[in-house]
Amino acid sequence: MNLVKWDRLDPLNSLTHIQREMSDLLDILSSAPQTEGYVSAEFPPIIVSTSEDNILVRAEIPGIRISDLDVQVVDDVLTIKGERKPVATTAKITYLRRERNYGTFARSIMLPEKADVEKVTASYKNGVLTVKLPKAAETKPKQVVIKKA
């Protein structure tokens, strides 16, 4: 049987550690931007997929005009910027619940592969922005022909 040294821990050290962790958590939660009582998520939500030849990025941005969108590809980063403007009404309206945010937004994502930026296209239909980024030729697999020696 071995003897194990027992260090008497101060029971308040554990409570102090928990208090510090809770304080850090509250700092993180209180520093996040909030909109009308809800913690905002990244906007716009996006879906990134790849095929053999292309990278497709779909961003859900309903209620925005194409002229208010800006799509750029710099190096391996796609940036979608825009502004959703509130609908102007002449009648006095009292909102009971309003979950759609208005204002400017920007989201940048690192592309999974190098894209041919000269051939990037974008379309907008039914509130969904689709950016098609053809893969750069150097990232596509090349078939090597084996010659008979």
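Which residue's side chain meets that of Lys119 in a salt bridge? In this predicted model the partner is Asp116, with N and O 3.8 Å apart. The cut-off for a salt bridge is 4 Å, so the pair counts as one. Lys119 is exposed, because its relative accessibility of 54% lies over 50%. Asp116, at 23%, is partly exposed.

The model holds five salt bridges in total. Another of them joins Lys114 to Asp76, the closest N and O atoms lying 3.6 Å apart. This pair links distant parts of the chain, 38 residues apart: Lys114 belongs to the loop between E7 and strand E8 (121–125), and Asp76 to the loop between strand E5 (69–74) and E6. Lys114 is partly exposed at 39% relative accessibility, and Asp76 is partly exposed at 25%. A further salt bridge brings together Glu99 and Arg97, at 2.5 Å from N to O. Here Glu99 is exposed, with a relative accessible area of 53%, and Arg97 is exposed as well, with 58%.

The strands come next. Strand E3 (residues 46–50) runs antiparallel to E4, and five bridges join the two. A hairpin of three residues connects E3 to E4, and Ser49 stands opposite Leu56 in E4. E4 also pairs with E9, again in the antiparallel sense, over seven bridges; in this pairing Asn54 faces Pro134 of E9.

In soluble globular proteins, nonpolar side chains tend to be buried together.

Beyond its neighbours within four places in sequence, Ile61 is in contact with residues including Ile80, Phe105, Leu129 and Arg84. Arg84 lies in strand E6.

Is Arg84 buried or exposed? Arg84 is buried, yet has no salt bridge. The side chain of Arg84 instead reaches backbone oxygens: that of Pro62 at 2.8 Å and that of Asn101 at 3.2 Å. Leaving aside neighbours within four places in sequence, the contacts of Arg84 include Phe43, Ile61, Gly63, Tyr102 and Phe105.

Note on methods. Residues are numbered from 1 along each chain as its sequence is written. This is a predicted model: local features need pLDDT of at least 70, side-chain atom pairs count only at pLDDT 80 or more; totals for chains, interfaces and linings use all residues. Side-chain values use heavy atoms; hydrogens and water are left out. Contact means heavy atoms within 4.5 Å. Helices (H or I, at least four residues) and strands (E, at least two) are DSSP runs, numbered from the N terminus. Buried means under 20% relative accessible area, exposed over 50%, partly exposed in between (1.4 Å probe, protein chains only). Lys and Arg count as positive and Asp and Glu as negative; His and the chain ends are not counted. A polar contact is a pair of N or O atoms within 3.5 Å; within protein, one must be able to donate a hydrogen and the other to accept it, and residues adjacent in sequence count only if both atoms are side-chain atoms. Two strands pair if DSSP finds at least two bridges between them.
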